[in-house]
Amino acid sequence: MSVWELLFPKKCILCGSILQKGDYGVCAECRSKLPVIREPRCLHCGKPMESVRQEYCPGCAGRVSSLDGGITLWEYTDSMRRVMADFKYGGCESDAVFFADEFAAYHSQKLQDWNIQAIVPVPLHWRKRWFRGYNQAESFACALGQKLSVPVYTNVLRRIRYTEPQKGLDSRQRRKNLQGAFDAVKNAEDRINNCVTILLVDDIYTTGATLEACAGVLRRLGVQRVYFTCLCTGRVL
């Protein structure tokens, strides 16, 4: 064990206990507590649902979408809410590598089936990025791209308007809040030239308003298929 590891031992993302030898990301006790989303789930956004009789959640049923579909890894429980808060605001950027490993372990086949040619993270406004020191979606996207050997383009989308937090807003209010919030970076077409299918990456999926706004920009750039992945999403009740 290195001096660095002695001074700064790695801790479980769920309970905060020091990880023992052989543990990765979570301790042995918490490993079984990771709320991985399983079937039944919405065929479009991947939200977990109660009934196998439903194909789509209420938010996706009958909706015209700029997204071709998506998948999420964990259910947004109270414990995962703390994990995501640490990832976004607590300086736990290095957790992105563990997240990417877990995501690939469960969904690498799905991503292969989609034939992803490039990964694009949802951008942060420069004020938020300056305050946090990094963009958590970009960190996850880069770790996932390295794991899957897929190029990651961080200079395609930009957030041109500072928006109020989406928390507490309904789907209509979220869409209105994001109108005109995203645009393409100059010469973005050259960077994604010949990319037919792109994977959008964010940390948390709620109504999909942010991803829809970003997908709309990618469509205008000529991308034919846009899928998405997020780490967490809530349950459909």
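The structure is a predicted model: local features need pLDDT of at least 70, side-chain atom pairs count only at pLDDT 80 or more, and totals for chains, interfaces and linings use all residues. Residues are numbered from 1 along each chain as its sequence is written, and side-chain values use heavy atoms, with hydrogens and water left out.

**Helix 3**

- Aspartate 86 is found in helix 3 and is partly exposed, with a relative accessible area of 37%.
- The C-alpha atoms of aspartate 86 and isoleucine 13 are separated by 8.7 Å, although the two are 73 residues apart along the chain.
- Buried means under 20% relative accessible area, exposed over 50%, and partly exposed in between (1.4 Å probe, protein chains only).

**Salt bridges**

- The whole structure has 12 salt bridges, each a side-chain nitrogen of Lys or Arg within 4 Å of a carboxyl oxygen of Asp or Glu.
- Glutamate 50 and arginine 235 meet in one of them at 3.1 Å, N to O.
- Glutamate 50 lies in the loop between helix 2 (28-31) and strand 1 (69-75) and arginine 235 in the segment after strand 6 (225-233), so this pair ties together parts 185 residues apart in sequence.
- Aspartate 203 pairs with lysine 88, with the closest N and O atoms 3.6 Å apart.
- Because aspartate 203 lies in strand 5 (residues 197-205) and lysine 88 in helix 3, this bridge ties together parts 115 residues apart in sequence.
- Aspartate 203 is buried at 4% relative accessible area, and lysine 88 counts as buried at 16%.
- Salt bridges that share partners join Glu50, Glu75 and Arg235 into one network.

**Surface patch**

- Trp126, Trp130 and Phe131 form a nonpolar surface patch with about 530 Å² of accessible area together.
- Patch residues have over 30% relative accessible area and no salt bridge; like charges are joined within 9 Å, nonpolar side chains (Val, Leu, Ile, Met, Phe, Trp, Tyr) within 5 Å.
- Tryptophan 126 is found in helix 5 (residues 126-132) and is exposed at 61% relative accessible area.

Terms used:
Areas by Shrake-Rupley, 256 points an atom, 1.4 Å probe, with all protein chains shown as cover. Helix = DSSP H or I, 4+ residues; strand = E, 2+ residues; numbered from the N terminus.
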